[in-house]
Amino acid sequence: MFPIKQSIALAAALLAAGCAAPLPALPGPDTQPAASWHAPLPHGGSVADLRRWWERFDDPLLLALIDAAQEASPTLAQTGANLADARAARVAGGAALLPSLDLAASASRERPESTAPVAQVSSLGLQAAWELDLSGANRAGRDASAARLDGASALWHEARVSVAAETARLYVELRSCEAHLAQAGIDARSRGETARLTEAATAAGVQAPSATQLARASAAEGQVALLRQQAQCELLVKALVALAAQDEPALRRQLEAATARLPEPAAIEVRTVPALALAQRPDLHAAARDVEAAAFDAAQAQARRWPRVTLAGSIGALRSSSLGVSSEGGTWSVGPVAVTFPLFDGGVRRADAAAARERYRAATAVYAGRLRTAVQEVEGAMVTLDSSARRGSVAVAAVDGYGRAYAATFASYQVGASSLFDLEDARRSLRAANSALVDQRSERLLAWIALYRALGGGWSPTDAIASSVSPSDAPTDPRNP
């Protein structure tokens, strides 16, 4: 047997002499964001903390729906499974650097020759094997799996943020639809009352018959708009039922308590950005970990082109018995030390190394693209917030003005000083103003939700789940995803 010390020394000398190349020097990703935002900060940038953000909507039903949606989300379940897979891969990557230890037991009863007596042989021992990671391939694999575990944890948080934001979006759209429905009901009843009064005036000879026909048509149009709005609200209710896995009759009873009431959010804080956006975007954190993992993959693929050194050994006990005579004793072995030199593989290892480097470059491009998208999403949400805030007081003034104009026109119509055409024009203007006000408030809420999501939902890298924590053990408070 070749001496152990000489085998190790030979392998080390070969690697040091140049058979093993250093880990590849890979270029760093271009991750320089803009120095400042080019959109106005909502409320001048002075608003509250992202933490417990959903509680600030002052709507318990919204919180309950977010909780239920996260419990029922298949996307969240899948990311939880992916996290478990990443954790298993991290354990396997660390185990590759350690010796493997197996317990082997055997027993046999045999007659090796026809004239030999029957013999019984049993053994029990430990067998160990260890790859001496001189090239660094296993260390690179371990580090790549650790980076992927960190990224999987961030994506689990991202799924929670996405489910919460989608639930809130549907809820706001439903409340907005209910507000439109309430306005449509008021409008339909008003049109019906106008039609009744016009019919009475026509019967008294005060109005022409054509006015009655026009009033009836207007009342029918109001009913059509009311029915269309009801259908839209029904679809949104069913969407919430499906998303949050709710019992529909029970959810409808809960919704009735605050029909047409749009939740009012507290402001959130946008401090120094885009550094804050980078810290609070779990998808960006995951993309950065993908870059890191791809770099370690490239290093591992390069290291696998060089020799591998493995060491084996065993220790055990042996007992044999034949013709009533028994013997037992200990056994052990150290070695062999095996040095594997890759000589020819048809270019497979070289191609794997080149492909790994390209995957790294692709990961850096993906990260840079997501960074640009994150900046665009935050700035877009801030533009919408600023625009909706500026339009809020104007929209209220428009409703007030058109309401006064409609009341005056209706009073004038009742005494015959205004035509039905004037009344319908005033009604349309008031309905449009009311709809614009509801849309403005809904748009503002949806912009807050978009900004919440664009800033990562209050998540930060320090919230990443430790490798020892399973998805079921992780925090699941939907109000702080």
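**Close-up views of a predicted model**

Leu103 is exposed, with a relative accessible area of 63%; exposed means over 50%, buried under 20%, and partly exposed in between (1.4 Å probe, protein chains only). This is a predicted model, in which local features need pLDDT of at least 70 and side-chain atom pairs count only at pLDDT 80 or more, while totals for chains, interfaces and linings use all residues. Residues are numbered from 1 along each chain as its sequence is written, and side-chain values use heavy atoms, with hydrogens and water left out.

**View A. Leu103 and the nonpolar patch.** Leu103 is found in strand S1. Strands (E, at least two residues) and helices (H or I, at least four) are DSSP runs, numbered from the N terminus. Together with Leu101, Leu124, Leu126, Ile315, Trp332 and Val334, Leu103 makes a nonpolar surface patch of about 780 Å². Such a patch is made of residues with over 30% relative accessible area and no salt bridge, its nonpolar side chains (Val, Leu, Ile, Met, Phe, Trp, Tyr) being joined within 5 Å; like charges are joined within 9 Å. Accessible areas come from the Shrake-Rupley method with a 1.4 Å probe, and for residues only the protein chains shown count as cover. At least two patch residues come from each of strand S1 (100–110), strand S2 (119–132) and strand S4 (325–340).

View B. Side chains of opposite charge can pair when their charged atoms come close. Arg169 forms a salt bridge with Glu173, with 2.7 Å between the closest N and O atoms. A salt bridge is a side-chain nitrogen of Lys or Arg within 4 Å of a carboxyl oxygen of Asp or Glu. Both residues lie in helix H4 (residues 137–203), four residues apart, about one turn of the helix. Arg169 is partly exposed, at 29% relative accessible area, and Glu173 is partly exposed, at 26%.

**View C. Glu178 and Arg175.** A salt bridge joins the side chains of Glu178 and Arg175 (2.8 Å, N to O). About one helical turn separates Glu178 from Arg175, because they are three residues apart in helix H4. Both Glu178 and Arg175 are buried.

**View D. Arg191 and Glu221.** Arg191 forms a salt bridge with Glu221, the closest N and O atoms being 3.2 Å apart. Arg191 lies in helix H4 and Glu221 in helix H5 (residues 209–244), so the pair ties together parts that are 30 residues apart in sequence. Arg191 is buried, with a relative accessible area of 7%. Salt bridges link Arg191 and Glu221 in a network with Asp187, Glu424, Arg427 and Arg431.
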